[in-house]
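Trainee: I am new to this structure and would like a short tour of it. May we begin once it is on the screen?

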Amino acid sequence: MVKCGLFVRLEAKPGKEQAVADFLAAGLDMTNREAATPIWFAIQLSPATFGVFDAFANEAGRQAHLNGDMAKALMARAGELLATPPSVEPIDVLAMKNELG
């Protein structure tokens, strides 16, 4: 069962919006290799605002993701792509509906 997650807000630098979108789309391959990351969404909230929502069975899964390849790749490119540092918000999942899986 999903117990916890992360919401990460990303503000693209002017002119880097497509690069951020492309980076997030490519991030799917990295997160697919993370056994402890069963749910991962890359989203666009406005022309320059993006986000990542992911969820985990437990705190160990969340920490594994925070120390994983996707997080490392994001931090390595943050100065190039983002207007501000990523806002990483840990969340607790209170309820979940999933009819797809």
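Predicted model: local features only at pLDDT ≥ 70, side-chain atom pairs only at ≥ 80, totals over all residues.

Trainee: Understood. What do the buried residues of H2 pack against?

Mentor: They pack against E1, H1, strand E2 (39-44), E3, H3 and strand E4 (87-92).

Trainee: And which residues of H2 are buried?

Mentor: In helix H2, residues 59-66, they are Gly-61, Arg-62 and His-65. These residues are on the same side of H2, because they cover an arc of only 100° around the axis.

Trainee: What happens at the start of H2?

Mentor: There, a side-chain oxygen of Asn-58 comes to within 3.2 Å of the backbone nitrogen of Ala-60.

Trainee: Let us turn to Asp-54. Where is it placed?

Mentor: Asp-54 belongs to strand E3, residues 49-56. Asp-54 is buried but has no salt bridge, and the nearest side chain of opposite charge, Arg-62, is 8.1 Å away.

Trainee: Then which side chain makes a polar contact with that of Asp-54?

Mentor: The side chain of His-65 does, at 2.7 Å. Beyond its neighbours within four places in sequence, Asp-54 is in contact with residues including Cys-4, Thr-37 and Trp-40.

Trainee: What does Val-20 touch?

Mentor: Leaving out residues up to four places away in sequence, Val-20 touches Ala-12, Phe-50, Leu-81 and Leu-82.

Notes: Residues numbered from 1 in each chain as written. Heavy atoms only, no water. Helix = DSSP H or I, 4+ residues; strand = E, 2+ residues; numbered from the N terminus. Buried < 20%, exposed > 50% of the residue type's maximum accessible area, 1.4 Å probe, protein only. Lys, Arg positive; Asp, Glu negative; His and termini not counted. Salt bridge = Lys/Arg side-chain N within 4 Å of Asp/Glu carboxyl O. Polar contact = N/O pair within 3.5 Å; in protein donor to acceptor, adjacent residues only side chain to side chain. Contact = heavy atoms within 4.5 Å. Arc of directions from axis to C-beta.
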